[in-house]
Amino acid sequence: MQASLLPRYYIRRLTMFATVISHAPLGIDGKLVSVEVDIRTGIPGIDIVGLPDGAVKEAKERVRVAIRNSGYEFPARRILVNLAPAGIRKAGASYDLPIAIGILAASGQIPPEGVRKTMVLGELNLSGNVRPVHGVLSAVHAGLGKGITGFLVPRGNLREARVAGTGRISGIDSLGEAAGVLSGSANIGSPDNHDDEPDGPDETMYDAAHYGDFEDIRGHWILKRALEVAAAGRHHLFLFGPPGSGKTMGARRLPSILPPLSREESLEVTGIHSIAGKLPPHCGLITRPPFRMPHHSASTEGIIGGGKLPKPGEVSLAHEGILFLDEAPEFRKDLLQALREPIEEERITIARAESNVRFPASFQLVLAANPCPCGNLGRKEKVCLCSTQEVYRYWKKLGGALLDRIDIRVPLSPVSSEELVGDGGPDGGEVRRRVEAAVSRQHERFKGHGFSRNSRIPPGYLDKFCPLDRLSRGLLIDSMKKISLSSRAIHSIIKIARTVSDLEGSERIGEEHILEAIQHRRYGDGDFFWKFG
């Protein structure tokens, strides 16, 4: 019988259709995905199309069992699920819940009208319970940008979703709860009503107290000053010295004197961690600068980012914070040299055949290294067993191009017993207040120029923001001749001097500021022999 001769109500029952809005992480923002479900007569089964990966293809079995275990009927018909646009690869288990909701809506078990303007995200257990997923904050931002006002997310992602501050967001624990919300039997939450949020702190990551107090550093007055200057201007830092000289401890205390992130920075950092799957359940906005310390065995994709479906690496997870590479020469040379692009561009671009994906990567690089492979070069009570060639190869892995981009270099030696058991260093709170005041001056000075810290001043702006008087300029020229500084090194010295003057509350860059900046910059490249040889 031709379809045109059938009663109209029977045609509707033969072909039923529903669309649910979801999200595909792609870079920092991602794309909206329409989960289209069509139910028709035919051999019972479910097909998923639209470039799904293995986890998405497996969703049909999870969805089938979850619908039945939630007390609903799984249609004994042919079901086609299309994830549009079809040109974007879909990955992960976050499509479980929208597919299930689409099947319930297309089969008439929940009203189709309730799902049209609501974004749905979530992974299903076989019992019908909903598990947290990645990239919820980016999904909410993308949805708000397209005019979507209703969001249905796992309860473990509720704090993260509500970080956006707008939209009607509901956290659910099961498929049954989700169907109830979309059917109108339960109300979607509002950003002003957080009674349904789980108990716990908004943030569980990068607490400054976790990294110790600045007062823990005994002796090492040059190191403490270098850390303060680096924190104030976000200058890259290189610490080198024998084992036990305080390199790792100094680097791990740096987060304790950093100012908190601004609202915009917090949203961007939280979004990156969510996409990467690094955000714990029930975690809200990340308000402290990230501190990332990858192991030297990490892959290039783990540090820079990438993969078949590009994910952010450590350089992006350290965005607006610190990337600390302990024992830096132990990292692969090609990996170290790959850091030059994000250092210069403050972002990383991952090229794939389908598209180019960009992630933010504005981080502060901190490197630590021994003076030689055995670590005993320059120690009076120890004997270095490394040959000159071994030491040369050890340092060559860092490369002059990367080291030239490091503003501050600090040679370290073990402190004496008297200093080690003596009084602590300067009060960490006092240092942090000086740093915050210097950062505030920089934000005010550079407002509207596209950068906010002294280390990011473009060469063309140095004369405007870092004017030198005749004596300071002459001192800098003399230093260029004596220690053969590159043009990038000269720019670094001027930027460091600007930071030193900001810490003192001075708008003028004086000779004393230039002299201190030269001392912070002078070591590195091959002159470790002069210090330790």
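Keep in mind that the structure is predicted. Across the protein chain the mean pLDDT is 86, with 90% of residues at 70 or more.

**Where to be careful**
- Residues 1–15 have pLDDT below 50, and that stretch makes 11 contacts in the model beyond near neighbours in sequence.
- Residues 525–533 are also below 50, with 24 contacts beyond near neighbours in sequence.

**The five-stranded sheet**
- This is an open sheet with parallel pairing, and the strands run in the order β11-β14-β17-β10-β18.
- At the edges sit β11 (291–292) and β18 (408–411), each pairing on one side only.
- Inside the sheet order, β10 (residues 237–240) pairs with β17 (residues 364–369) through four parallel bridges.

**α8 against α21**
- Helix α8 (residues 221–233) also packs on helix α21 (residues 487–503), at an angle of about 95° and with the axes 9 Å apart.
- That angle makes α8 roughly perpendicular to α21.
- On the α8 side the contact uses Arg225, Glu228, Val229, Ala232 and Gly233, while α21 brings Ile496, Thr499, Val500 and Leu503.
- By type, the contact residues are five nonpolar, two polar and two charged.

**Helix α7**
- In α7 (residues 175–183), the buried residues are Leu175, Ala178, Ala179, Gly180, Val181 and Leu182.
- After α7 comes Gly184, with a positive phi near 95°.

Notes:
Residues are numbered from 1 along each chain as its sequence is written. This is a predicted model: local features need pLDDT of at least 70, side-chain atom pairs count only at pLDDT 80 or more; totals for chains, interfaces and linings use all residues. Side-chain values use heavy atoms; hydrogens and water are left out. Axes are lines fitted to C-alpha atoms, for helices over the stretch in contact, and angles run from 0 to 180 degrees between N-to-C directions. Helices (H or I, at least four residues) and strands (E, at least two) are DSSP runs, numbered from the N terminus. Angles under 35 degrees count as roughly parallel, over 145 as roughly antiparallel, 65 to 115 as roughly perpendicular and the rest as oblique. Contact means heavy atoms within 4.5 Å. Ala, Val, Leu, Ile, Met, Phe, Trp, Tyr, Cys and Pro count as nonpolar, Asp, Glu, Lys and Arg as charged, and the others, Gly among them, as polar. Buried means under 20% relative accessible area, exposed over 50%, partly exposed in between (1.4 Å probe, protein chains only). pLDDT is the predictor's confidence in each residue, from 0 to 100. Two strands pair if DSSP finds at least two bridges between them.
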